[in-house]
Amino acid sequence: MACMILEVMQLKRIGSQLPNDRKCDLPEVTKWRHLDESSLAKDETIVAIPEAEETASEFFDELKAVIYTMKIFGLFPLQKRNPGESTFQRCKLSLVYSAVFYVAVSVYAYHVSRERIEFIRYSEASFDDLIYSVIHFLYVIPHFYLIPCHWKEVTKVGGYFARWSQFQKQFLCATEKQLYLGQNRRAKWSVVLIPVLALLFAVSEYLLSSAEEKYWELGFYWYIFTVILLHVVWWWFVCSSLRGAIYNISENFFNCHVFQKGTFSFAQERSAKLVRQYRDLWVSLNRLSRETGLFMCYTYGHMCVLSFSVVTFSLYGTLSNVHDGLYMRHMGLAMAVCVIGGITYVICNVAHHAASEVGPEFRERLLHLTSADKQVRRELKIFIRATTISSSEINLGGYVRIDRSFLLRFTCTMVTYLIVLLQFRLGLLSISASNITMVTTSVL
């Protein structure tokens, strides 16, 4: 060991005495990363990186504005272990704050839900007139599961952030460029606009509804609409980051070639190794794409159920009495259909684009590549096969795949339940009409 140290010191001393054009011929001293037993047990991919990579902008840092805003609402009790590391852990202080916040808002939610239930129970109005109170009661439910879901899934969220950091470092090793996703400014603007939009929606619902709401209930509805919009924006940022990452991979990979005689041909030395590096990079990104729906599957699964219930009841309330004319409450219900339905559309659409661009669209571009070198062709075939057998779809814990087909299934199921509700209403109307006829006949 001492001989090796003396030899390295001698090489450094000789290298400092040589001219600049001969220093590149000397072997570089490799910096090795210490392997612990946990990393070996998990079979993790270890990437040797230079010290300069620690200054790269990480995915977590670009979304700090959204993350800290969610922490204010008792979500994401997560922090970095150390400022210079890419590992995350539960934050005990954030957990305590989240628990206190959850209990306090739960008391508020209890009084709001009791007010809605009492209004539904003791009101003499029909179900069509009480539809607003039913919908507002549905808005109370998300509070009781959103924060506990974050407590359960915070470890998965930390692992997801850590793998994003590893991917960005791996991107720097393969391309010698840092991967900037450009989400920092958008995240800051979103945390400014979301509370304003949530307040506008809550006030509009209050003014247009016929549920006899109390003004003190507005604070809770503003809170729940803000939390829902924060989750939608968070989902949009994650999926758009996947699209930005595959765009950067494509730009760097396909620009490594020159166009010759109608076919793409590799023009760099050791191009087979380059293809292998980009294949490993794509595999890491594909893994991130699959895990996008897994790390918060229960949170977004419950949100999909909420969206289905609210849109179905709102659309029923809009169509049930439309033959009697349009009133202010119909406008409020139509607005709820547009807003909550738009949220579902955004979640499905951005996930569809992210999965398509990472998987099928990237594979389509690979199929047009060729090379005169046999080893390069072999690596390209392996690359294409990897993109073929590895799915990049985004699904919620294996329960449902999030894409445009989910939006179609969502709409078809909603229409089915809507028809059933309208049939029940027509049945009740026919029963009441027959009762009136019988009473009239008996009187005559």
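Helices (H or I, at least four residues) and strands (E, at least two) are taken here as DSSP runs, numbered from the N terminus. The model is predicted: local features need pLDDT of at least 70, side-chain atom pairs count only at pLDDT 80 or more, and totals for chains, interfaces and linings use all residues. Residues are numbered from 1 along each chain as its sequence is written, and side-chain values use heavy atoms, with hydrogens and water left out.

By this assignment the protein has 15 helices and four strands. Of its 444 residues, 44% count as buried, where buried means under 20% relative accessible area, exposed over 50% and partly exposed in between, with a 1.4 Å probe and protein chains only. The protein exposes about 24500 Å², of which carbon and sulfur atoms supply 62%; such areas come from the Shrake-Rupley method with a 1.4 Å probe, and for residues only the protein chains shown count as cover. A contact is defined by heavy atoms within 4.5 Å. Among the contacts in the protein with a separation of 6 or more, 79% involve residues 24 or more positions apart.

The UniProt record, an unreviewed entry, places the feature "transmembrane region" at residues 91-110, 130-147, 189-208, 220-238, 297-319, 331-355 and 406-424. These positions are given in the numbering used here, feature names are shortened, and annotations may be inferred rather than shown by experiment. In the model, the span 331-355 is 100% helix and 0% strand, with its end C-alpha atoms 36 Å apart. The span 406-424 is likewise 100% helix and 0% strand, and its end C-alpha atoms lie 27 Å apart.

The interior can be approached through its nonpolar core, a set of buried Ala, Val, Leu, Ile, Met, Phe, Trp, Tyr and Cys residues joined through side-chain atoms within 4.5 Å. The largest such core holds 110 residues, and Trp234 and Trp235 touch the most other members. Helix 9 (residues 218-254) gives the most to this core, with 22 residues. Beyond its neighbours within four places in sequence, Trp235 is in contact with Thr292, Gly293, Tyr300, Ile347, Val350, Ala351, Ile394, Leu396 and Ile402. Asn349 is found in helix 12 (residues 328-358). Asn349 counts as buried because its relative accessibility is 13%. The C-alpha atoms of Asn349 and Ile402 are separated by 8.5 Å, although the two residues are 53 residues apart along the chain.

Aromatic rings form a further set of links. Rings of Phe, Tyr and Trp (its six-membered ring) pair if their centres lie within 6.5 Å; planes under 30 degrees apart count as stacked, over 60 as edge-to-face and the rest as tilted. By this rule there are 33 aromatic pairs. The rings of Phe59 and Trp164 have centres 4.7 Å apart and planes at 20 degrees, so this pair is stacked. The pair links distant parts of the chain, with Phe59 in helix 4 (residues 59-62) and Trp164 in helix 7, 105 residues apart. Both partners are buried, Phe59 at 1% relative accessible area and Trp164 at 0%. Elsewhere, one aromatic cluster comprises Phe73, Tyr97, Phe101, Tyr108, Tyr139, Phe201, Trp216, Phe220, Tyr221, Trp222, Tyr223 and Phe225.

The buried residues of helix 5 are Val66, Ile67, Thr69, Met70 and Lys71. Their cover includes helix 4, strand 1, helix 6 (92-122), helix 7, helix 8 and helix 9. Just after helix 5, Gly74 takes a positive phi of about 80 degrees. Phe76 lies in the loop between helix 5 (64-72) and strand 1 (78-80). Most residues other than glycine have a negative phi. Phe76, however, has a positive phi near 55 degrees, and Phe76 is buried, with a relative accessible area of 2%. Glu176 also has a positive phi, near 60 degrees, and is placed in the loop between helix 7 (131-175) and helix 8 (184-208). Glu176 counts as exposed, at 73% relative accessibility.

The cysteines remain. A disulfide is a pair of cysteine sulfur atoms within 2.5 Å, and by this rule the count is zero. Cys297 is in no disulfide: the nearest cysteine sulfur, that of Cys149, is 8.5 Å away. Cys297 counts as buried, at 7% relative accessibility, whereas Cys173 is partly exposed, with a relative accessible area of 30%.
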